[in-house]
Amino acid sequence: MTKEEKYQELLQEAEALTAGETDEIANMANLAAAIYARFGFHWVGFYRVCGEELVLGPFQGPVACTRIRYGRGVCGTAWKEGRTLIVPDVDQFPGHIACSALSRSEIVIPLTRAGAVVAELDIDSAELDTFDAVDELWLTRILAAAYK
Ligand code: SME
């Protein structure tokens with residue numbers, strides 16, 4: 001099965017899992033579990049914007065940093081810049097926050113509402129250069145389907 005085919009199925013699963021459920025935390029929990037189960041990434045989870053910080057939300061994988069300040073690390077930078085960040089080698093990203101020593105590459109996709117970032121989907125891979133524009137496209141679609 002290609003990556004695109006896996007994402008196609010995942011999109012349908014995400015739509016089914018979140019249909020009729022308005023609780024954002026519940027939907028984050030099931031989305032993190034669905035992505036993690038399908039791809040086996042090292043870590044899949046959400047950070048929520050709470051005032052001046054990102055605060056850890058539902059996730060699957062090893063324990064993680066609970067708070068990340070605006071502009072810090074990959075997550076805080078994606079929030080500040082209001083755009084998806086794909087990091088092929090986290091050791092080359094200045095200020096990367098190593099919640100897990102096994103993380104090698106990362107993608108962070110902001111979830112925006114009325115132009116403001118309200119949360120982020122963060123995925124870590126234990127391998128270098130895991131994420132590309134295909135992941136960005138499909139994960140963005142999945143977030144859009146879950147948070148209409
Ligand atoms: N690596 C992230 C921190 C979050 S963990 O990957 C779960 C960062 O640099 O923002």
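**Exercise 1. State the handedness of the crossing of α1 and α4, and decide how the two helices are oriented to each other.**

Step 1. The crossing of α1 and α4 is right-handed. A crossing is right-handed if the near helix is turned clockwise from the far one by less than a right angle, and left-handed if anticlockwise.

Step 2. Know the source. This is a predicted model, where local features need pLDDT of at least 70, side-chain atom pairs count only at pLDDT 80 or more, and totals for chains, interfaces and linings use all residues. Residues are numbered from 1 along each chain as its sequence is written, and side-chain values use heavy atoms, with hydrogens and water left out.

Step 3. Find the helices. Helix α1 spans residues 3-18 and helix α4 spans residues 133-146. Helices (H or I, at least four residues) and strands (E, at least two) are DSSP runs, numbered from the N terminus.

Step 4. Take distance and angle. Two packed helices are described by the angle between their axes and the distance between the axes. The axes of α1 and α4 come within 9 Å and cross at roughly 10°. Axes are lines fitted to C-alpha atoms, for helices over the stretch in contact, and angles run from 0 to 180 degrees between N-to-C directions.

Step 5. Conclude. Angles under 35 degrees count as roughly parallel, over 145 as roughly antiparallel, 65 to 115 as roughly perpendicular and the rest as oblique. So α1 and α4 are roughly parallel to each other.

**Exercise 2. Describe the aromatic pair of Y7 and W138.**

Step 1. Count first. The structure holds seven aromatic pairs.

Step 2. Classify this one. The rings of Y7 and W138 are stacked, at 6.5 Å centre to centre with 5° between the planes. Rings of Phe, Tyr and Trp (its six-membered ring) pair if their centres lie within 6.5 Å; planes under 30 degrees apart count as stacked, over 60 as edge-to-face and the rest as tilted.

Step 3. Y7 is in α1 and W138 in α4, 131 residues apart.

Step 4. Check burial. Y7 is buried at a relative accessible area of 0%, and W138 is buried at 9%. Buried means under 20% relative accessible area, exposed over 50%, partly exposed in between (1.4 Å probe, protein chains only).

Step 5. Look around the rings. Y7, F39, F41, F131 and W138 form one aromatic cluster. The charged end of R141 sits over the ring of W138, 4.5 Å from its centre. That label needs NZ of Lys or CZ of Arg within 6 Å of the ring centre and within 35 degrees of the ring normal.

**Exercise 3. Is D135 buried or exposed, and which residues does it touch?**

Step 1. D135 lies in helix α4.

Step 2. Its relative accessible area is 1%, so D135 is buried.

Step 3. D135 touches K3, Y7, I107, T130 and T140, not counting residues up to four places away in sequence. Contact means heavy atoms within 4.5 Å.

**Exercise 4. Describe the phi angles of A114 and D129, then locate both residues.**

Step 1. Most residues other than glycine have a negative phi.

Step 2. A114 has a positive phi of about 50° although it is not a glycine. D129 also has a positive phi, of about 55°, and is not a glycine.

Step 3. A114 lies in the loop between β5 (105-113) and β6 (116-125). D129 lies in the loop between β6 and α4.

Step 4. A114 is exposed, with a relative accessible area of 84%. D129 is exposed at 56%.
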